[in-house]
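Welcome, and please open your viewer beside this page. We will go through the chain one selection at a time.

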Amino acid sequence: MEEKSYSRNIPVIIQNALWAISAGRCEICGKKIYIEEKTNTLVNLAQKAHIHAFSQQGPRYSKSQSNPHVLDNLMLLCMEDHKLIDDHPDLYTAEILKKQKSEFEAKVSAVVDTQRSKSSILFFRGGITEHDTIKQELSELSPVLLNNGDFFNGKYYSILVDILGIPHDEVYFSIAKQTIKKQINEIKPSLKDSGCVSVFGLAPSPLLVYLGFLLNDESNIKVYQRFREGTLKWDWKTENQTNEFLVEQLILRVDSENEVNIILSISAEIAYERVKGKQPNHTLPTFVIRAKRQAFDAVSSEIDADIFIKKFRENLIEKIRIEFPNVKVINFFMAAPVSILIKIGMNYQKNVDVEWRLFDQQQKLGFINALSIKGDD
Ligand SMILES: [Zn+2]
């Protein structure tokens with residue numbers, strides 16, 4: 001057939017560009033034309049259709065189209081739609097086809113070019129216990145970004161607070177705090193240059209909150225969560241909401257107007273007695289924010305994390321500010337996933353919030369006073 005003979009003459013470089021610019025789909029119906037979807041086998045169902053025909057007798061022939069084998073004059077189509085447009089050139093005019101082509105190709109490029117951001121990686125690691133060894137999982141991090149519509153821009157920042165040989169006491173946390181602050185300050189100017197900074201953290205809870213605090217004037221932070229199963233252990237499990245968070249005031253009686261306790265029972269329940277044991281001489285107003293489903297994966301999606309933070313700010317921190325205007329310190333007792341610990345720190349409002357005193361939960365000692373964040377410090 002005549003049509004096939006000139007189709008074969010389309011230069012390979014033009015054919016390749018046509019496949020690329022259309023993302024391998026029929027530019028009219030959007031169907032994939034490189035795969036038989038029912039059987040999942042690779043095929044070539046593509047027809048390279050001319051808007052202005054090659055031959056004088058062909059559809060939409062135009063003398064002004066001197067070379068028909070150019071990208072602007074070609075559409076990648078399925079067989080059905082190729083037949084449709086060539087059988088009805090009165091309906092499928094050159095103007096209509098050109099409009100369809102340019103809209104389709106603009107859609108493809110919008111998805112690929114603009115919705116993907118270039119992300120640098122900030123990997124933060126601190127010893128979880130005195131003796132743990134955390135496997136290097138860096139090779140896993142950039143595929144996680146791709147899975148989420150971003151890609152790694154080659155900038156990798158590592159913040160390590162491995163202080164070996166000392167227990168996780170107040171001295172440890174004081175050194176760790178200074179170490180993190182120094183390292184973040186060093187990389188801050190280049191963090192600002194990144195379109196997006198994806199944060200992967202693994203450290204004792206107070207250090208994760210403090211990291212968030214140091215990053216809380218950055219607008220381009222994405223926080224990830226590590227899970228215990230799956231090939232990509234760092235990737236979000238779902239895009240959907242999987243949990244709810246409820247705020248409850250446990251202790252109403254007030255001995256002191258100056259302090260309030262917040263218990264985060266998210267990944268596990270923290271019994272009030274363990275908090276009270278650290279405060280034998282007075283009884284403080286105590287709030288708990290609890291996950292309906294308490295588990296290591298209590299926060300399985302970015303939506304879960306966002307819902308948590310909204311509840312935390314509106315139903316907890318703001319409520320305390322209104323109901324306890326004399327409070328100077330909020331004590332935090334935390335059993336919560338990494339992502340929301342970092343986000344809590346990012347949520348601290350330097351000009352508004354009182355001192356947050358962060359306790360670390362330890363196997364032998366129970367809770368210890370680890371570090372505070374206050375104002376700009
Ligand atoms: Zn089609």
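What covers the buried residues of α9? In this predicted model, the cover includes the strands β8 (221–223), β9 (245–251), β10 (259–265) and β11 (286–291), along with helix α10 (338–347).

**Stop one: the helix.** Select residues 302–323 to bring up α9. Its 22 residues should span 32 Å at 1.5 Å a residue, and this agrees with the 30 Å between its end C-alpha atoms. Centre the view on Arg313 to find a kink of about 30°. Next, colour Asp304, Ala305, Phe308, Phe312, Leu316 and Ile317, the buried residues of this helix. Residues three or four places apart on an α-helix point the same way, because there are 3.6 residues a turn.

**Stop two: the strands.** Now pick β11; five of its six residues are buried, so the rest of the structure largely encloses this strand. β9 pairs with β11 in the antiparallel sense through six bridges, and here you can find Glu248 opposite Val288. β10 runs parallel to β11, joined by five bridges; look for Ser265 opposite Arg290.

**Stop three: the cores.** Show Phe332 and Leu341, which touch the most other members of the largest nonpolar core, a set of 65 residues. Leaving aside residues up to four places away in sequence, Phe332 touches Ile262, Leu264, Trp356, Arg357, Leu358 and Phe359. A second, separate core has 15 residues, among them Ala46, Leu76, Leu77 and Tyr92.

**Last stop: the whole chain.** Zoom out and colour domain 1 (2–114) and domain 2 (118–373). Taken over C-alpha atoms, the centres of domain 1 and domain 2 are 52 Å apart.

Key:
Residues numbered from 1 in each chain as written. Predicted model: local features only at pLDDT ≥ 70, side-chain atom pairs only at ≥ 80, totals over all residues. Helix = DSSP H or I, 4+ residues; strand = E, 2+ residues; numbered from the N terminus. Expected span 1.5 Å × (residues − 1). Bend = angle between axes of the 7 residues up to and from the residue. Buried ≥ 20, exposed ≤ 12 C-beta atoms within 10 Å, placed from the backbone. Contact = placed C-beta atoms within 7 Å. Core = buried A, V, L, I, M, F, W, Y, C linked by C-beta atoms within 7 Å. Domains from an automatic or database assignment. Pairing = 2+ DSSP bridges.
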